[in-house]
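Okay, everyone, thanks for coming. Let me put the structure up, and then we'll walk through its contacts together.

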Amino acid sequence: MPRARGSGIIVALLAAASAPLVLMYVFLVIETVGEAPPGQLLPDGFTLENWRFLWEDLPGKANIWAVTLNTFIFASATTVIVLAVSSTAGYALSRINLPFRAYFLAGVLVLHAFPTVTLIIAIFLVLQMIGLYNTLTGVILVKASLELPLGIWIMKGFYDTVPWEIEMAGVQDGASRFTVWRRLILPQVTPGILALGVFSFLAGWSEFILPQVLAPDNKVQVLSVYLAGLIADDYDLNFALFKSIGLFYVIPVVILYLFFQDKLMNIYGGGTKG
Amino acid sequence: MRILIENFTKRFGADTVIDAMNLEVADGEMLALLGPSGCGKSTTLFAVCGLHVVDDGRILFGDEDVTGWSPQRRNVGVVFQSYALYPHMNVFDNVAFPLQVKREPGPAIRRRVSEITAMLEIEHLLERLPAHLSGGQQQRVALARALIRRPGVLLLDEPLANLDARLRLDMRSEIRRLQRETGITAILVTHDQVEAMSMCDRIAIMDRGHVHQIASPADMYRNPVSTFVAGFLGNPPIAFLSGRVRGGRFWLDGSTAGIDLPGGCEALEDGREIRLGVRPEHVRPADSGPLSGKVSFVETHGRENLYDVTLNGGQVLRSIQPVRGDIAPGQTVHCRLDTDKLLVFDREGTRL
């Protein structure tokens, strides 16, 4: 079977090429639970010492579970806001004859192109003035609004592929414009909603700079800020601990990818397949 | 329900697409809006169902002025060219949707759906998604959805355009049967004259936003008001000959052949330029005569043959004849025309 051997060779080559990457991941896991004397590569003992942050608070740091919950609230709330606003705003921009529609679309695109960092000082001042500095609500609102331009554009693209006739038929069948949107049009864009939801959740989960600047306090800390706090202290560096928490931080992301990877592909192939 | 369109005007920006159109569809009648693409027939349809805002004029259902009514309030059933079935719902939900929106009770909806799907012979497809239906089945589902609310008016926008030829024949009679059975007033928009003639009680033929003629199919075929109408109806199409009147007869341009004019046209003044419309079935071969030419093209239709005859002087006449083997391209033939069936138009195309 020359064909099977041919593909076997290709697989072997690919395996060799990706081996360093795989090895690094394996070592990441091993080092969090292994005891190795300095200078030695392979561990000679097993320890959960580096995972102790799960059951006891590290000195001067917040409780890991509270921080995880904060991160989860932060990412989910951002996602909910982004989905709610994008799915309605995208529809309006795609279908309803609004005044200044073209300018609005162009404006949204400009906002998307704007780098977040340039805005951060202004946002900091605004939050401080309205009393939302160092609160989850404040940083959620900021993150959601920065994610919105992309979300609105993606959803508008999905709505654009839904045939007008479906909408006309719905109106003709006696349904209000809102019912048409909810029962006829929204189901056609579910691939977009799902993909956008996963994207915003991951963006929220991995966001660092906004919480770091706008909500650094222990009570409202998220995982990325907690992690950064660990290596801020130059005198007491513990790489194994840092790796363990990093691993803990990335687990939800991996799980999300495992469940949704086929749905994520859909973001390029939306629309009705009727 | 009677539909009355009065002085209907539609503009898109600065373009007046339809200018002061008048049309009446009688209760229980099926009327075809026939015309080339871009003539405003779909625009008229969308105005009747309420998707287009009327710029001027009125639309009445029965004696009720519905001009300002929303599409939801008008109770009009529409079948779109693409059928516009809801892709994520199965056949049952598609058909039931108009009643679900009205919040009718579940058992009543189920009863009505089984009634209407039985009438359209799709009751075995209720669980299927539109993607798993053939074109003809999708068409039937679209019809069922349009009819389930017992609308006063049924509008069909090119309903057969997406079907293959054989299915088109079936659906033609099927739609007509349904319309008769329900006694619903219907408007059919089409660019296909065969559909319009075979399905409808009357035809309104449109061109560039104007209705040229409204008449029954047979009447319109026999008595077209203009060359546009005469040319649009009939397959194979009518042939036009141009020439002048002299001594009460028609003299073909570029030829010495004289043709008798039908009754009522002898009084036309000498030297007037006119066009003569000759349908293919009114051209017969003759042994001799002044009208002669070369057979330039033969097309086999099975039972009949279509012959193009290029007359002396270059104008072309079409003739349809029972299949015969004795005429070949290139041969010279003589023709005789059925004088009283000839259609006489002036130079601008208006019937005389």
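Predicted model: local features only at pLDDT ≥ 70, side-chain atom pairs only at ≥ 80, totals over all residues.

So, between chain A and chain B there are 11 residue pairs in polar contact, both residues at pLDDT 80 or more. On the chain A side, two elements give two or more residues to the part touching chain B: helix 6 (164–172) and helix 7 (177–185). Helix 6 of chain A supplies the largest share, seven residues. If you sort that side of chain A by type, you get seven nonpolar, seven polar and five charged residues.

How much area do the two chains bury? About 1,800 Å² between chain A and chain B, with carbon and sulfur atoms giving 63%. In chain A, the residues that lose the most area to chain B are A:Gln172, A:Asp173 and A:Arg183, together 38% of what that side buries. Keep an eye on A:Asp173, please: it forms a salt bridge with B:Arg145, closest N and O atoms 3.4 Å apart.

Now, inside chain A. Six residues from domain 1 and seven from domain 2 make the contact. Together the two domains of chain A bury about 650 Å², 70% of it on carbon and sulfur atoms. On the domain 1 side, A:Leu28, A:Asn50 and A:Trp51 lose the most area to domain 2, 67% of that side's buried total.

Which side chains meet in a salt bridge at 2.7 Å, N to O? Those are A:Glu31 and A:Lys243. Okay, over to you.

Key
Residues numbered from 1 in each chain as written. Chains lettered and ligands numbered in written order. Heavy atoms only, no water. Contact = heavy atoms within 4.5 Å. Buried area = accessible area lost by both parts, 1.4 Å probe. Salt bridge = Lys/Arg side-chain N within 4 Å of Asp/Glu carboxyl O. Polar contact = N/O pair within 3.5 Å; in protein donor to acceptor, adjacent residues only side chain to side chain. Helix = DSSP H or I, 4+ residues; strand = E, 2+ residues; numbered from the N terminus. Nonpolar A, V, L, I, M, F, W, Y, C, P; charged D, E, K, R; others polar.
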